[in-house]
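Subject: Structure handover

Hello,

Please find the structure we spoke about below. My notes on it follow.

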Amino acid sequence: MGRAGGRGLGRMVHGADATVPDVIEIRSAHPVERADLDAIRTLHDTAALADGHEALGSSVWRDLETGGRPGSVGGFAFEGAQLVGYAHVTPSDNFSPPHWAAGIVVAPTRRGDSVATALLDGIVEHVRRTEPGEIVLWILGPTDADDQHAAASGFEPSRDLLQMRVALPLDVVAREPDGITVRRFLPGTDEAAWLAVNNRAFRNHPEQGGWIASTLAHRMAEPWFDPDGFLLAWSTDPAGLAGFCWTKIHQPGSDDAGLGEIFVVGVDPTHQGTGLGRKLTVAGLGSLAARGVRVGMLYVDGANTAAVGLYRALGFTVHRRDRAYQREVR
Ligand SMILES: CC(C)(COP(=O)(O)OP(=O)(O)OC[C@H]1O[C@@H](n2cnc3c(N)ncnc32)[C@H](O)[C@@H]1OP(=O)(O)O)[C@@H](O)C(=O)NCCC(=O)NCCS
């Protein structure tokens with residue numbers, strides 16, 4: 001049985017509308033302890049089996065497995081000893097713009113019982129007490145009911161993220177733009193050039209824009225990082241880095257084990273529309289296929305017409321749609 005709530009943080013406060021059945025007890029904890037983590041994994045597996053996809057994203061798991069950043073909290077819904085719902089909220093791990101990131105999973109048997117709303121109201125209350133600001137809640141593969149639960153706790157849909165997939169190897173040849181040379185990323189040498197181009201390509205992007213050296217170092221320290229799958233396109237005119245394609249092979253043990261991701265692809269605004277994005281994406285997929293990957297995948301903002309157009313033209317189709325909801329807490 002989990003020990004959530006045993007560390008003196010007390011019950012989560014929840015709104016008057018979120019009346020859960022008496023058999024369900026809502027508690028909170030920071031940090032989330034090992035026994036609770038196991039219960040969350042079991043609940044997550046049960047939900048994933050019913051839904052056909054995971055409920056909590058990698059940033060939530062990263063936070064859970066590393067003990068949680070200061071300020072993070074887990075909200076638990078227990079039915080006796082059984083965990084039937086879990087919500088997580090944590091200060092965001094990138095630095096621009098700061099926000100709270102949240103995720104939630106509810107047992108298939110307890111959906112429609114206001115468990116989601118009670119947990120979401122709890123995290124809103126936690127943010128209000130800790131440091132008021134914006135909460136971004138991610139729901140993977142949202143249903144109409146998820147939209148309603150989010151709305152009941154004051155969250156509004158803000159972005160759709162598409163997970164697109166394609167079979168590899170790709171049967172596409174991309175034209176080589178003039179004056180471009182592609183080579184692998186050299187750790188210790190290319191960081192500053194990459195950060196500058198990344199931040200220009202993604203200047204208005206909520207997660208990929210505004211990276212600093214430590215954001216990059218953090219990603220390069222992850223077990224999946226492989227400079228052979230991180231391609232840089234250098235231009236002779238004007239001289240400098242023109243674009244990049246960074247790939248990621250999902251590690252054994254993860255839900256997407258064996259899939260090869262275009263983790264991020266970007267072209268400096270001065271080189272966009274010249275065929276370089278297409279060239280780099282094809283090269284990135286080629287590097288994944290060369291390392292034995294048979295399914296390529298990526299995440300793209302549903303409103304990014306240039307990128308979605310490029311991926312569709314290469315044969316990608318939408319595998320899943322995830323949705324971000326926002327709520328400003330004062
Ligand atoms: C998306 C991006 C990588 C595309 O690179 P690019 O060099 O500009 O694109 P290309 O010149 O290679 O064009 C490839 C295809 O993209 C699509 N495309 C490019 N610009 C487009 C636009 N403004 N509107 C619609 N489609 C567009 C087209 O399908 C084009 O195919 P075509 O050759 O049949 O015209 C680049 O625009 C970029 O870096 N954008 C900002 C960062 C970003 O959004 N990255 C992707 C995140 S998932």
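Ser114 counts as buried because it has 21 C-beta neighbours inside 10 Å. For that word I use these cut-offs: a residue is buried if 20 or more other C-beta atoms lie within 10 Å of its own, exposed if 12 or fewer, and partly exposed in between, with C-beta atoms placed from the backbone. Ser114 sits in the loop between E4 and H3, and although it is not a glycine, its phi is positive, about 65 degrees.

Two notes on conventions. Residues are numbered from 1 along each chain as its sequence is written. The model is a predicted one, so local features need pLDDT of at least 70 and side-chain atom pairs count only at pLDDT 80 or more, while totals for chains, interfaces and linings use all residues.

Cores

The largest nonpolar core has 46 residues, and those that touch the most other members are Ala102, Leu119, Ile123, Ile135 and Leu137. A nonpolar core here is a set of buried Ala, Val, Leu, Ile, Met, Phe, Trp, Tyr and Cys residues joined through C-beta atoms within 7 Å. The largest core has 46 residues, and helix H3 (residues 115-130) gives the most to this core, eight residues. Apart from this core lies another, of 31 residues, including Leu162, Leu276, Leu280 and Phe316.

Ala102 is in contact with Ala87, His88, Val89, Ile123, Ile135, Val136 and Leu137, once its neighbours within four places in sequence are left aside. Contact means that the C-beta atoms of two residues, placed from the backbone, lie within 7 Å.

Ala118 belongs to helix H3. Ala118 counts as buried because it has 26 C-beta neighbours inside 10 Å. Between the C-alpha atoms of Ala118 and Leu170, which are 52 residues apart along the chain, the separation is 46 Å.

Helix H2

The buried residues in helix H2 (residues 58-65) include Val60, Asp63 and Leu64. These residues are on the same side of H2 because they cover an arc of only 100 degrees around the axis. The arc is that of the directions from the helix axis to the C-beta atoms. Helix H1 (34-51), strand E3 (82-91) and strand E4 (100-106) are among the elements that cover the buried residues of H2. After H2 comes Gly67, with a positive phi near 90 degrees.

Strand E8 (residues 230-236) is largely enclosed by the rest of the structure, because five of its seven residues are buried. Strand E7 (residues 180-184) pairs with E8 in the antiparallel sense over five bridges; two strands count as paired if DSSP finds at least two bridges between them. Leu232 in E8 is the bridge partner of Arg183. E8 also pairs in the antiparallel sense with strand E9 (residues 239-249), over seven bridges. Trp234 has Leu241 in E9 as its bridge partner. E8 and E9 form a hairpin, with two residues between them.

Around the ligand

Which residues come nearest to the ligand? Of the 20 residues around it, they are Gln272, Gly277, Arg278, Ala306 and Leu310. A residue is near a molecule if its C-beta atom, placed from the backbone, lies within 6 Å of it. Strand E10 (260-267), helix H7 (276-290) and helix H8 (305-313) are the elements that give two or more residues to this shell. H8 supplies the largest share, six residues. By type, the shell has 10 nonpolar residues, nine polar and one charged. Here Ala, Val, Leu, Ile, Met, Phe, Trp, Tyr, Cys and Pro count as nonpolar, Asp, Glu, Lys and Arg as charged, and the others, Gly among them, as polar.

Other local points

A cis peptide bond joins His30 and Pro31, with omega about -10 degrees. Pro31 lies in the loop between strand E1 (24-29) and H1. A cis peptide bond also joins Leu168 and Pro169, with omega about 0 degrees. Pro169 is in the loop between strand E6 (156-167) and E7.

Asp160 is found in strand E6. Asp160 counts as partly exposed because it has 14 C-beta neighbours inside 10 Å. Leaving aside its neighbours within four places in sequence, Asp160 is in contact with Gly302, Arg321 and Arg323.

Regards

Notes: Helices (H or I, at least four residues) and strands (E, at least two) are DSSP runs, numbered from the N terminus.
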